[in-house]
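Please read this report with the sequence and the model side by side.

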Amino acid sequence: MDIELAYNKALDYLYSFVDYSLKHSSELAKADFNLDRMFALMESLGNPQAKYPIIHVAGTKGKGSVSALCASALKAAGYQVGLYTSPHLLDYCERIQINGEPISHEQLVDLVEEIKPYVAEIEKLTTFEITTALAFMAFAKYGVNAAVFEVGLGGRLDATNIVIPKVSVITSLSYDHMAVLGNTLALIAGEKAGIIKPGVPVVSSPQTDEALEVLKRVARLKNAELTLVGRDIKYELIESSLEGQKINVERLTFNVPLLGSHQIENAAAAYAALKVSGIPITDEQIQKGFSQVQWRARFEVARRDPPVIFDSAHNQDSFAKLSETLQTYFPDQMVYLIFGASEDKNIPGMFAELKPKIRKIIITRADHPRALEVEKIQELAEQAGAESEAIIPVSDALARALELSSKDGSIVLSAGSMFVTAEVMKEWKLLNE
């Protein structure tokens with residue numbers, strides 16, 4: 001069979017199960033999240049997740065960047081490195097990477113065929129659970145000897161949380177997915193702290209007092225030594241430009257191509273995680289790996305003049321960081337914001353953070369069942385006092401933003417929804433081929 005046809009059939013199979021990433025928040029809140037199905041599935045597969053050391057990363061913001069930094073450093077140290085993240089931007093296989101490359105469509109097809117009889121024996125498995133199992137299998141099958149797993153949602157009941165890692169990492173915590181994780185930072189921290197395992201060291205990014213108290217308490221209960229970035233691991237910015245950032249972590253100098261002050265914190269967390277993991281790696285190897293890291297749609301400047309930027313900010317806290325980063329690198333330029341969002345997001349909060357930089361919001365909608373209608377977003381933009389227009393599909397929204405930008409040199413920025421940004425990136429690629 002033609003590989004692309006087989007690949008699409010494999011995706012159809014995966015999406016035939018319950019996919020909570022496509023569900024509305026009301027359904028998500030009622031979801032039957034537990035780890036019993038996952039434990040049973042992995043047991044039947046021979047527990048491939050126990051065959052290599054793992055760094056396990058949870059958090060509201062920064063968990064993808066920290067995961068990518070850790071994986072890049074391990075690759076520079078000569079490991080065959082597995083990296084599991086979600087969601088994907090352009091291709092499903094991006095979720096399961098080995099040495100910085102997504103597994104091939106052919107490999108995914110083989111893995112799906114292999115897992116089918118085992119999945120058939122267990123009721124109520126979800127798309128994410130099966131995909132997580134495929135990653136565990138892929139890394140064992142293709143010779144991975146160090147892996148980094150990013151939590152999908154929360155931590156305590158996430159499908160990845162069946163691992164006994166070398167280190168658990170909790171990045172910056174803020175409000176997101178509140179229907180599932182709770183509406184206070186203490187409740188959210190409790191869910192994220194669910195990845196802390198007895199006797200396994202834990203690294204935390206700087207946190208609010210409310211969140212930190214919870215992490216400290218759980219770490220004490222689990223006899224897990226807590227390393228806190230900012231307290232135990234000192235870091236500072238040396239210099240920053242569009243080429244990247246030079247930073248100091250524990251008196252070591254690192255060059256990191258990821259932009260924004262929050263990425264300094266992420267680099268410090270990744271450094272701490274690597275050092276306490278017990279996985280053999282030198283400072284020089286970490287320096288090399290950090291300098292080579294690639295992590296798309298994180299303040300990704302696709303063109304400098306006039307600027308086109310792809311970003312994955314999708315809650316109020318990440319919009320605050322996005323606003324700060326724009327002010328750092330483009331202090332004098334306004335923004336045409338290509339914006340869509342899921343229905344469970346604090347959209348007024350996002351607009352409030354970025355409002356001083358917004359010239360106009362181009363509201364659009366990705367082809368995604370959780371995407372909010374453009375009319376509702378327009379009402380919220382009006383309440384925020386921001387000028388807007390609604391344009392569907394995403395390709396037309398990008399064309400309109402580029403047209404406006406060509407007249408006054410303002411920035412074209414896509415943010416608010418990973419799914420919108422993914423479609424913008426796809427269209428941008430087509431325009432520049």
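Is arginine 251 buried or exposed? At 79% relative accessibility, arginine 251 counts as exposed, where exposed means over 50% relative accessible area, buried under 20%, and partly exposed in between, with a 1.4 Å probe and protein chains only.

## Basis of the report

This is a predicted model, in which local features need pLDDT of at least 70 and side-chain atom pairs count only at pLDDT 80 or more, while totals for chains, interfaces and linings use all residues. Residues are numbered from 1 along each chain as its sequence is written, and side-chain values use heavy atoms, with hydrogens and water left out.

Helices (H or I, at least four residues) and strands (E, at least two) are DSSP runs, numbered from the N terminus. Two strands are said to pair if DSSP finds at least two bridges between them.

The exposed arginine 251 of the opening question lies in the loop between β10 and β11, and its phi is near 65 degrees, a positive value in a residue other than glycine.

## The eight-strand sheet

A second open sheet has eight strands in the order β4-β3-β2-β5-β1-β6-β7-β8, with mixed pairing. Since β4 (101-102) and β8 (226-228) stand at the edges with a single partner strand each, one side of each is left without a neighbour in the sheet. Strand β3 (residues 96-98) pairs with β4 in the antiparallel sense over two bridges, and glutamine 97 stands opposite proline 102 in β4.

Helix α9 (residues 209-221) packs on this sheet, touching β6 (167-170), β7 (202-204) and β8, and its direction makes about 155 degrees with that of β8. Contact here means heavy atoms within 4.5 Å.

## Cis peptide bonds and a buried phenylalanine

The bond joining aspartate 305 and proline 306 is cis, with omega about -15 degrees, and proline 306 has its place in the loop between β12 (300-304) and β13 (307-310). The bond from isoleucine 392 to proline 393 is also cis, with omega near 5 degrees, and proline 393 is found in the loop between β16 (388-390) and α15.

Phenylalanine 299, in the loop between α11 (283-291) and β12, has a phi near 40 degrees, which is a positive value in a residue other than glycine. With a relative accessible area of 4%, phenylalanine 299 is buried.

## Two buried serines

Serine 410 lies in the loop between α15 (394-408) and β17 (411-415), and is buried because its relative accessible area is 2%. Leaving aside neighbours within four places in sequence, serine 410 is in contact with Pro306, Pro307, Met334, Tyr336, Arg359 and Ser405; Pro306 is the proline of the cis bond with aspartate 305.

Serine 323 belongs to helix α12 (residues 316-329) and is buried as well, with a relative accessible area of 14%. Not counting residues up to four places away in sequence, serine 323 touches Glu353 and Leu354. The C-alpha atoms of serine 323 and lysine 357 are separated by 7.6 Å, although these residues are 34 residues apart along the chain.

## The cavity

A search of the whole structure finds one cavity of 30 Å³ or more, and the volume of the largest cavity is about 30 Å³. A cavity is a set of points, on a 1 Å grid over the protein atoms alone, where a 1.4 Å probe fits but cannot get out, and lining residues have an atom within 4 Å of a point. Grid points are joined across faces, edges and corners, and a volume is the space filled by probe spheres set on the points.

The residues that line the largest cavity include Gly340, His368, Arg370 and Phe419. The lining divides into five nonpolar, four polar and one charged residue, where Ala, Val, Leu, Ile, Met, Phe, Trp, Tyr, Cys and Pro count as nonpolar, Asp, Glu, Lys and Arg as charged, and the others, Gly among them, as polar.

Technical notes
1 Å grid on protein atoms, 1.4 Å probe; cavity = no way out; pocket = protein on both sides within 12 Å on 5 of 7 lines; lining within 4 Å. Axes fitted to C-alpha atoms, helices over the stretch in contact; angles between N-to-C directions.
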